[in-house]
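Reader: I have a structure to go through before setting up some calculations. Could you take my questions one at a time?

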Amino acid sequence: MENQFQDGKDEVIEAWYMDDSEEDQRLPHHREPKEFIPLSKLSELGILSWRLNADDWENDENLKKIREARGYSYMDICDVCPEKLPNYEAKLKNFFEEHLHTDEEIRYCLEGSGYFDVRDQNDQWIRVAVKKGGMIVLPAGMYHRFTLDSDNYIKAMRLFVGEPVWTPYNRPHDHLPARKEYVEKIINRGGTQAVEAR
């Protein structure tokens, strides 16, 4: 499943190493010179991604195949923008706090765009830009954070195996089994194994 639905993925998912600037989190934060990262590097970190048809997601057979193969039984849709999300600024600040989950974080961008920031094996920040049609799966135990870009809007599908548990564990939480498993499978082994759906 990981190698399917890849055509045009680089048009909706892009990644680069971030600078250390404290400027607005919604800016791209490229290093100078820019350091783009091939999407294969994200795979090495255990991140799965696909390009799907966001214009017809209700009838998309490819989305159905991914959900069935990975056991994503729960689905909802959320709009993140000042007009539709209560306590918008506070929630965006919470999303941007570095954290992990004990389950995968699965997001499918139906409209708009946003940034998922993740750490590489050397603890350097990588910014992953996701646009309409991009679907991303962050493995359980991976430290990450999320923010909108300067357009201030994303409509995203959230998927989950079973009943959703959205509990964030802010860094440091290295003692959690999900973190230990991620470090063992991905960080200590150089990112050579796909991470099972949890």
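Reader: Is histidine 99 buried or exposed?
Author: In this predicted model, histidine 99 has a relative accessible area of 6%. Buried means under 20%, so histidine 99 is buried.

Reader: Which element does histidine 99 lie in?
Author: Histidine 99 is part of strand S5, which comprises residues 99-100.

Reader: Let us turn to annotation. Which residues does the UniProt "binding site" cover?
Author: The UniProt entry, which is unreviewed, places that annotation on His99, His101, Glu105 and His144. They span 46 residues in sequence, but no two of their C-alpha atoms are more than 11.4 Å apart, so they gather at one spot.

Reader: And which of this set does the lining of the largest pocket take in?
Author: His99, His101, Glu105 and His144 from this set belong to the lining of the largest pocket.

Reader: Where is the place of histidine 101?
Author: Histidine 101 sits in the loop between S5 and strand S6, the latter being residues 105-119. Histidine 101 counts as buried, at 11% relative accessibility.

Reader: With which side chain does the side chain of histidine 101 make a polar contact?
Author: The partner is the side chain of histidine 99, at 3.2 Å. Not counting residues up to four places away in sequence, histidine 101 also touches Ala140, Gly141, His144, Trp166, Thr167, Pro168 and Ala178.

Reader: A change of topic: helix H4. Which residues of H4 are buried?
Author: In helix H4, residues 177-187, the buried ones are Ala178, Arg179, Tyr182 and Ile186. Their arc around the axis is only 95°, which means that they are on the same side of H4.

Reader: What do the buried residues of H4 pack against?
Author: They pack against helix H1, residues 39-44, and against S5.

Reader: Which residues are exposed on the other side of H4?
Author: Pro177 and Lys180 are exposed there.

Definitions and conventions:
Residues numbered from 1 in each chain as written. Predicted model: local features only at pLDDT ≥ 70, side-chain atom pairs only at ≥ 80, totals over all residues. Heavy atoms only, no water. UniProt positions renumbered as here; feature names shortened; annotations may be inferred. 1 Å grid on protein atoms, 1.4 Å probe; cavity = no way out; pocket = protein on both sides within 12 Å on 5 of 7 lines; lining within 4 Å. Helix = DSSP H or I, 4+ residues; strand = E, 2+ residues; numbered from the N terminus. Buried < 20%, exposed > 50% of the residue type's maximum accessible area, 1.4 Å probe, protein only. Contact = heavy atoms within 4.5 Å. Polar contact = N/O pair within 3.5 Å; in protein donor to acceptor, adjacent residues only side chain to side chain. Arc of directions from axis to C-beta.
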